[in-house]
Amino acid sequence: MGGPSKGLTPPRRRIRRCVGCGKELSRNSMLRVVRSPSGEVSINAAGKAPGRGAYICADRECVRAAMKKNALARALKHPVDKRIYALLEEMCGERDGACGADGTG
Ligand SMILES: [Zn+2]
């Protein structure tokens, strides 16, 4: 494609809105939950699985907020099992290394 773009308009950023906090972040820092055509809900970190997807920060606060308001189920238009939220929280823990200051749990 090499169009005569002048750089006045910023390039389309690859951002996604978190279903937990509503902030828009780079998808690199988010987890993706996808609902397959067969109705199976799973976590797809690579972001390549087909189907309807929802994004959430790799942050336990966001996971809990999403669980409270059933945000994933609403985004996916499909019930989301609690184990999905549990798995998301686990993945947050894995990613959170440097700033993991909470000792409770
Ligand atoms: Zn968030």
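# Close-up views of a predicted model

**View 1. Val33 meets strand 4.** Val33 has Ile43 as its bridge partner in strand 4. This is a predicted model. Three bridges join strand 3 to strand 4. The two strands run antiparallel. They also form a hairpin, with five residues between them. Gly39 sits in the turn of this hairpin. The phi of Gly39 is positive, about 100 degrees.

**View 2. Strand 3 meets strand 5.** Strand 3 covers residues 30-35. Six bridges join strand 3 to strand 5. This pair, too, runs antiparallel. Arg32 has Tyr55 as its bridge partner in strand 5. Arg35 has Arg52 as its bridge partner in strand 5. Strands of a sheet pair through backbone hydrogen bonds, either parallel or antiparallel.

View 3. Three strands make up an open sheet, in the order 4-3-5. The pairing is antiparallel. Strand 4 (41-43) and strand 5 (52-57) stand at the edges. Each of these edge strands has a single partner strand, so one side of each is left without a neighbour in the sheet. From one strand to the next, the twist averages 25 degrees.

**View 4. The whole chain.** The protein has three helices and five strands. Along the sequence they follow the pattern β-β-β-β-β-α-α-α. The protein has 105 residues, and buried residues make up 24% of them. Consider the contacts between residues at least 6 apart in sequence. Of these, 54% join residues at least 24 apart.

**View 5. The largest nonpolar core.** Which residues have the most contacts inside the largest nonpolar core? They are Val19, Val33, Ile56 and Leu72. The core has 21 residues. Several elements give two or more residues to this core: strand 3, strand 5, helix 1 (60-68), helix 2 (71-76) and helix 3 (82-95). Strand 5 supplies the largest share, four residues. In soluble globular proteins, nonpolar side chains tend to be buried together.

**View 6. Around Val19.** Val19 is one of the core residues with the most contacts inside the core. Leave out residues up to four places away in sequence, and Val19 touches Ala54, Tyr55, Ile56, Ala66, Ala71, Leu72 and Ala75. Among these, Ile56 and Leu72 are also named with Val19 for the most contacts inside the core.

**View 7. Around Cys57.** Cys57 lies in strand 5. Is Cys57 buried or exposed? Cys57 is buried, because 23 other C-beta atoms lie within 10 Å. Residues up to four places away in sequence aside, Cys57 touches Cys18, Gly20, Cys21, Leu25, Ser29, Met30 and Cys62. Gly22 is 35 residues from Cys57 in sequence. In space, C-alpha to C-alpha, Cys57 and Gly22 are 9.4 Å apart.

**View 8. The two sides of helix 1.** The buried residues of helix 1 are Cys62, Val63 and Ala66. Seen down the axis of helix 1, these buried residues fall within an arc of 100 degrees, so they line one face of the helix. Glu61 and Lys68 are exposed on the other side of helix 1. Cys62 is touched by Cys57, and Ala66 is touched by Val19.

View 9. Asn70 lies in the loop between helix 1 and helix 2. Lys77 lies in the loop between helix 2 and helix 3. What is the phi of Asn70? Phi of Asn70 is near 60 degrees, a positive value in a residue other than glycine. Phi of Lys77 is near 55 degrees, also positive in a residue other than glycine. Asn70 is exposed, because 12 other C-beta atoms lie within 10 Å. Lys77 counts as exposed, with 9 C-beta neighbours inside 10 Å.

**View 10. Asn28 in its loop.** Asn28 lies in the loop between strand 2 (24-26) and strand 3. Asn28 has 10 C-beta neighbours inside 10 Å, so this residue counts as exposed. Ala58 is 30 residues from Asn28 in sequence. C-alpha to C-alpha, Asn28 and Ala58 are 9.6 Å apart in space.

Technical notes: Residues are numbered from 1 along each chain as its sequence is written. This is a predicted model: local features need pLDDT of at least 70, side-chain atom pairs count only at pLDDT 80 or more; totals for chains, interfaces and linings use all residues. Two strands pair if DSSP finds at least two bridges between them. Axes are lines fitted to C-alpha atoms, for helices over the stretch in contact, and angles run from 0 to 180 degrees between N-to-C directions. A nonpolar core is a set of buried Ala, Val, Leu, Ile, Met, Phe, Trp, Tyr and Cys residues joined through C-beta atoms within 7 Å. A residue is buried if 20 or more other C-beta atoms lie within 10 Å of its own, exposed if 12 or fewer, and partly exposed in between; C-beta atoms are placed from the backbone. Two residues are in contact if their C-beta atoms, placed from the backbone, lie within 7 Å. The arc is that of the directions from the helix axis to the C-beta atoms.
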